[in-house]
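Here's a quick briefing to read alongside the model. Take a look at the chain first, then come back for the notes.

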Amino acid sequence: MKEGTAISTVEAPAPSLPENPPAARRLRRPLLLALMAVVLVALPFAAVGWTELLVVVEIFLLAVLGLDVLTGQTGQVSLGQTLFIAIGGYGAGLLTVKAHWPTWIAAIVPAFAAAAVAFLLGRAFLRLRGYYLALATLGLAVVTQAVATGVGKVTGGPSGLVGIPSLSLFGWEVFSDLSNYYVLLVLCVLGGLFVTNLRRSQSGRALAAVAHDPQAAAMLGINAARYRTGAFVVSAVFASLAGSMYAYYLRFFSPDVINVTVALSIVIMLSIGGVRSVAGPVLGVLLLQGLPLVGQSFALWQPLVAGLVLVVVLTYLPDGLWGGLRKLITGLRRTA
């Protein structure tokens, strides 16, 4: 090398390490959860006079969350969830009124019975597809209402089963609207956590694969029949608990609670709100249960309005209200 020749060296830039997320971002989720918890706890005091509606919303939310496991995660539509609601409602009522069982045990035992019935039915019914499955499960709803009406010596017939006691937990009688609200709030939160964790788990991914392409899932070694039956069992347990809590809350259970309209309403609530989320079922149940509050005359038109809303949502918002709202928020963030 000649003397006086300058050598220029260019240093390679050091690899940039990902920056730690700011403290505000790390704290956002816990703060949102804490804020949501405060809102839910204080809601009955802020919405004075609406506690009864909130309790009914929570009861139906349990049933819709269970159906979300079957419909949202496996793609199977069941119109027969009222069968399991009837098992929970009549089971809890008969075990407490006739056999004088503790109320909390009388709610758990029918849930196991509903799971067993769902397991047996699921092995046969879930081989069907599309509207064949919908018609078969709709037949379950029709038979359930007919049996509940016809077996009057057991169920009380059209007049219903009366004298059901309120839920009692360790000597505490869950009698008032407020106490029922908080007990059901705990059940709904636990149910929402279960559904969310299931969706994110390995079993949830298997359920999604079964829903998307059963043949491809079978090639990967996923037993589609077993996963569909398991989802059907989970939805039955949720529906049974909803039926038991409905019986304890009203201290009464009749065939009107499990008619075909109710069976269809549960599916409509899920479809309107959106599947594969907890917020979707909440929106759907709130909308459908809140329609009668507009007025007594408007309540007569509830089925028509619900049907029109369902058509509009499925046409323009295939992911439901919550899915559409989430897409809108995402679009606004990108343009901001």
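Leaving aside neighbours within four places in sequence, which residues is Arg205 in contact with? They are Arg199 and Arg200. Keep in mind that this is a predicted model. The protein chain has 15 helices and four strands, and 43% of its 336 residues count as buried.

**Overall picture**

- Take the contacts between residues at least 6 apart in sequence: 76% of them join residues at least 24 apart.
- The largest nonpolar core has 77 residues, and helix H2 (residues 51-74) supplies the largest share of this core, with 15 residues.
- Phe60, Phe84, Tyr248, Phe253 and Ile266 are the residues with the most contacts inside that core.
- A second, separate core is made up of five residues, among them Val210, Ala217, Ile222 and Ala224.
- As background, nonpolar side chains tend to be buried together in soluble globular proteins.
- Ile266 touches Phe60, Ala63, Val64, Leu67, Gln81 and Ile85, if you skip residues up to four places away in sequence.

**Helix H10**

- At the start of H10, Asn223 has a side-chain oxygen within 3.3 Å of the backbone nitrogen of Ala225.

**The largest pocket and Val278**

- The largest pocket holds about 1,600 Å³ of space.
- Its lining counts 35 residues, and Leu33, Met36, Val278, Ala279 and Trp322 are the ones nearest the pocket centre.
- Helix H1 (23-46), H2, helix H7 (177-200), H12 and helix H15 (320-335) are the elements that give two or more residues to this lining.
- H7 gives the most to the lining of the largest pocket, with ten residues.
- Val278 sits in the loop between helix H11 (260-273) and helix H12 (279-290).
- With a relative accessibility of 27%, Val278 counts as partly exposed, because it falls between the 20% and 50% cut-offs.
- Val278 and Leu193 are 85 residues apart in sequence, yet their C-alpha atoms are 8.7 Å apart in space.
- Beyond its neighbours within four places in sequence, Val278 is in contact with Leu65, Gly192 and Thr196.

**The cavity**

- How many cavities of 30 Å³ or more does a search of the whole structure find? It finds one.
- The largest cavity has a volume of about 60 Å³.
- Its lining consists of Ile59, Phe60, Ala63, Ile85, Ala242, Gly243, Tyr246, Val257 and Val262.
- H2 and H10 are the elements that give two or more residues to the lining of this cavity.
- Phe60 is worth a look here: this residue lines the largest cavity, is among those with the most contacts inside the largest nonpolar core, and is touched by Ile266.

- Arg205, from the opening question, lies in helix H8 (residues 202-212).
- Is Arg205 buried or exposed? Arg205 is exposed, because its relative accessible area of 53% is over the 50% cut-off.
- Arg205 and Gln73 are 132 residues apart along the chain, with 8.7 Å between their C-alpha atoms.
- Thr144 belongs to helix H5 (residues 130-150).
- At 9% relative accessibility, Thr144 counts as buried, since the cut-off is under 20%.
- Setting aside neighbours within four places in sequence, Thr144 is in contact with Thr82, Leu83, Ala86 and Ile258.
- Val154 is part of helix H6 (residues 152-155).
- Val154 counts as partly exposed, with 40% relative accessibility.
- Val154 and Lys98 are 56 residues apart along the chain, and 9.9 Å separates their C-alpha atoms.
- Not counting residues up to four places away in sequence, Val154 touches Leu94 and Leu161.

Notes. Residues numbered from 1 in each chain as written. Predicted model: local features only at pLDDT ≥ 70, side-chain atom pairs only at ≥ 80, totals over all residues. Heavy atoms only, no water. Core = buried A, V, L, I, M, F, W, Y, C linked by side-chain atoms within 4.5 Å. Buried < 20%, exposed > 50% of the residue type's maximum accessible area, 1.4 Å probe, protein only. Contact = heavy atoms within 4.5 Å. Polar contact = N/O pair within 3.5 Å; in protein donor to acceptor, adjacent residues only side chain to side chain. 1 Å grid on protein atoms, 1.4 Å probe; cavity = no way out; pocket = protein on both sides within 12 Å on 5 of 7 lines; lining within 4 Å. Points joined across faces, edges and corners; volume = space filled by probe spheres on them.
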